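Let us take a friendly walk through this structure together. Please keep the viewer open as you read.

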Amino acid sequence: MSEQNLSHWQQQWHSALRLWSEHLQLHEPLWLFDVEASKAAGLTESFAAIRLTSQRVMVNLQEVAERNLSDCSLEILAHEIGHHVYAPANMTQHLQLLCVIRLALPSVEHLAPLVANLYTDLLINHHLQRNTRCRMDTVYERLKSAGGSQLWALYMRIYERLWQLTPGALTDADISAEMEGDAWLGSRIIKVYSKDWLTGASRFATLVLGYLIEDEQAARDAFAALNDTAEAGQGHSGAGVIQLPAIDVLHPSRDPELTDLPSPTSQDRDPEDLATKAGARGQALEPQDYYEVLKAAGVELSEHDAAVRYYRDAVRPYLMPFPVRTLPGPGEPQREGTEIWEVGDDPARIDWFATLLAGRQPIPGMTTQKAVFSLEGSEEPQHQVCDLDLYVDSSGSMPNPQHRISYPALAGALLCLSALRAGASVQVTLWSGARQCLTTDGFIRDETSVLRVLTGFFGGGTSFPLKMLRTTYARPRLRPTQVVVLSDDGITTMFGDDEEGTPGARISALALANCNGAGHWVLDLYYDPEGPEVQQSPWLKQTADQILFGQQQGWQVHRVNGLEPMLQFAREFSRQYYHADVTSPAGS
Amino acid sequence: MSNLQPGPNMRRLHQRLLAYPDSPAPQGPDLLALMHDLIYRLDPKVTGAVLAPLSQLPQCQAEPTYAGQPNVRLLMLWLLADDAFEELVLHAEALVSLILSADSLMASSCPEIQDEDQREELIRLALNGLRLKPEDETDHQARDRLLMVSSSERARVVAASRAAEERAEAIRQALAEKRAREAADKYTRE
């Protein structure tokens, strides 16, 4: 690649930007000159690609030349820019697009990135072909021999129809009557849903589903070179629960917006009925789907880390307000001494003099000191922030928070984040059967560590970690602590004996006495322990009796089996311990 | 053999239709007068006898029956009023025939002008009725493209696609049921 050629591409870059807008500015593409450079940049199969997080375009100039596309620089660059400004344009829309397509691809959900790429390419190329001087058809004419799959033939026929090209201009394949109909529908989707393109994506995915099921590998091979959005989400670390747009899953031949034809007369073929069967939605994703969608977008993340992100983002709108403190009038702050500065505290509060004076190596959270001040003349007692000690039941009867939404885990995440935001420390213990216990390193202030334990899952037996409760509350806590247990009717194992033979009821009473705060059971119960239905079953009655016993001991019992009860619990908790009247989500 | 006369540019005609005014459309005698003027402008040799059938149209009666969304006929009149047609050699007989048959040309009597395909079909039908082809198109391309956007062709291809989808759906359902039965059998065995 000569300097002259590079200079030509650089000039074309500015022309391509202007095709979309006079005011558009994007980083100049990453020009890749050989295979090694392309591999290093993560561009392996296609000759161009985008990264939504860095808003970057990458072009493999060697591959472009080998495919005889060097004179299509404007078309290639304008197309890549189109992914940044039109479809999908940003990470949020990209993730929504993948969600919508996954729903329309039962059994081949893993091909959603490919379908998303084909669909957005159609949108962008049609716009460029119709409204600019770009000759997108030339690019596909050059790639004519690239594919032999049925999906390739359909895809090319859609372009022929969209751009009114002579049949056979882009594909030599025999086009059956059915494929001709599908191609017509494909072209209609692009024209009709060019603005509401998420709905169009669902229709398009339904249209190509049969072709993908028939020959998945051929479809993958045929489009490898064009797959420029496969890793578009690489490096994504953004926040936000993905909201699924309310789109019905419907074959385009049944969409009156596309065909202008009457709906089928058969009763079970009514479009509304079909849409309902397919599960029309308009809500947030489940954690498992959230992870799958991130993975499909090229985001490298473990399932557990995805769950941490999911719960953190899900509770963010509902975070409780900071505690209201009653402070005396302004007085002189008086230094009283020092205490350990912990990870999560404001770094500006580290007292370096005191830390170094101790004569040890500064280790954050271990030897780092912070000054403690009091206000002169302060006579009124201040409201002290309560620490939070959370016990999360992770037995087989509880939902796996990494797979589907767990309201107890959601309640736990809300309490943890609210407590950390208020300046409290949090200890989380995940428990299931004997020796299945995972805990934070004591009371800590690190949000991610707390959420990682909270969203873990054992799925084993049920045996409350009495040892943990016993050791934590062997002596009275200096700071008031709220003890919260997230469980279902497995909570009754708290009243068994511990490994030393101490009765659980005694440990429970000791914990309530020494926590200097209060104890709460947040239970995912399908029945009311005080309701009449428990009388029907001896087992239920026994469980309900033990729950009532806990209540008499001082545990406050909250039933949480949905979003609203969970919020209700959080509001009550906030009102009681933070002196705040939470009537609506924070920030709303 | 070329027998279609080169006509206006397609993009221009699309723009023309998109600019259809929101104001109430002329009706009754006003509409008749407008059609007479238009045809005279496009073919000054027109005679009264050629124009006579237009007065029989329901919309041209003293109490017109139509009021509301523009129909194919009104849209065609608006299209033909574009200056691009003045430069062409057109015949009043063809114009009258096109206007009289406008109602039955498309599947919908009131097409949606925001829909690109419906606009395309209306424009191509109008040009074809006047023995014209869009600028820069061959006769073959013009005929082929008209076929691609025609309502009847659309109905045919959609029916084929729908039938294929029904067959595929039936197979998918049968496979899903088979998988469910196998899973149930396996669960029972275990």
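Which strands of chain A does helix 4 (residues 73-85) lie across? Helix 4 of chain A lies across strand 2 and strand 3 of chain A, and it runs at about 25° to strand 2 of chain A. Here, helices (H or I, at least four residues) and strands (E, at least two) are DSSP runs, numbered from the N terminus. Angles are taken between N-to-C directions and run from 0 to 180 degrees, with axes being lines fitted to C-alpha atoms, for helices over the stretch in contact. Contact between two residues means that their C-beta atoms, placed from the backbone, lie within 7 Å.

Before going on, a word about conventions. This is a predicted model, in which local features need pLDDT of at least 70 and side-chain atom pairs count only at pLDDT 80 or more, while totals for chains, interfaces and linings use all residues. Residues are numbered from 1 along each chain as its sequence is written, and chains are lettered from A and ligands numbered from 1 in the order in which they are written.

Now for the overall plan. The secondary structure of chain A comes to 22 helices and eleven strands. Of the 588 residues in chain A, 45% are buried; a residue is buried if 20 or more other C-beta atoms lie within 10 Å of its own, exposed if 12 or fewer, and partly exposed in between, with C-beta atoms placed from the backbone. Among the contacts in chain A with a separation of 6 or more, 76% join residues 24 or more positions apart. Chain A is divided into domain 1 (1-85), domain 2 (89-301), domain 3 (333-375) and domain 4 (386-578), with bounds that come from an automatic or database domain assignment. The centres of domain 1 and domain 4 of chain A, taken over C-alpha atoms, are separated by 55 Å. For chain B, the assignment gives domain 1 (5-137) and domain 2 (150-190), and their C-alpha centres lie 45 Å apart.

Strands of a sheet pair through backbone hydrogen bonds, either parallel or antiparallel. In chain A, an open sheet of three strands has the order 1-3-2, with mixed pairing. Its edge strands are strand 1 (30-32) and strand 2 (48-51) of chain A, each of which pairs on one side only. Neighbouring strands of this sheet are turned by 15° against each other on average, direction ignored. Two strands count as paired if DSSP finds at least two bridges between them; strand 1 and strand 3 (residues 56-60) of chain A have three, in the parallel sense. A:Trp31 has A:Val59 of strand 3 as its bridge partner.

Helix 4 of chain A also holds A:Leu74. A:Leu74 is buried because 20 other C-beta atoms lie within 10 Å. Not counting residues up to four places away in sequence, A:Leu74 touches A:Gln12, A:Ser15, A:Ala16 and A:Cys134.

Next, find strand 7 (residues 426-431) of chain A. Why is strand 7 of chain A largely enclosed by the rest of the structure? Six of its six residues are buried. A:Val426, A:Val428 and A:Leu430 are on one side, and A:Gln427, A:Thr429 and A:Trp431 are on the other. Strand 6 (residues 387-393) of chain A runs parallel to strand 7 and is joined to it by six bridges, with A:Leu390 partnered by A:Val428. Strand 7 and strand 8 (residues 437-439) of chain A run antiparallel, joined by three bridges. In the hairpin of strand 7 and strand 8, with five residues between the strands, A:Arg435 takes a positive phi near 60°. A:Arg435 counts as exposed because it has 9 C-beta neighbours inside 10 Å.

Finally, look at where the two chains meet. The contact takes 18 residues from chain A and 17 residues from chain B. On the side of chain A that touches chain B, helix 9 (residues 177-192) of chain A gives the most, with ten residues.
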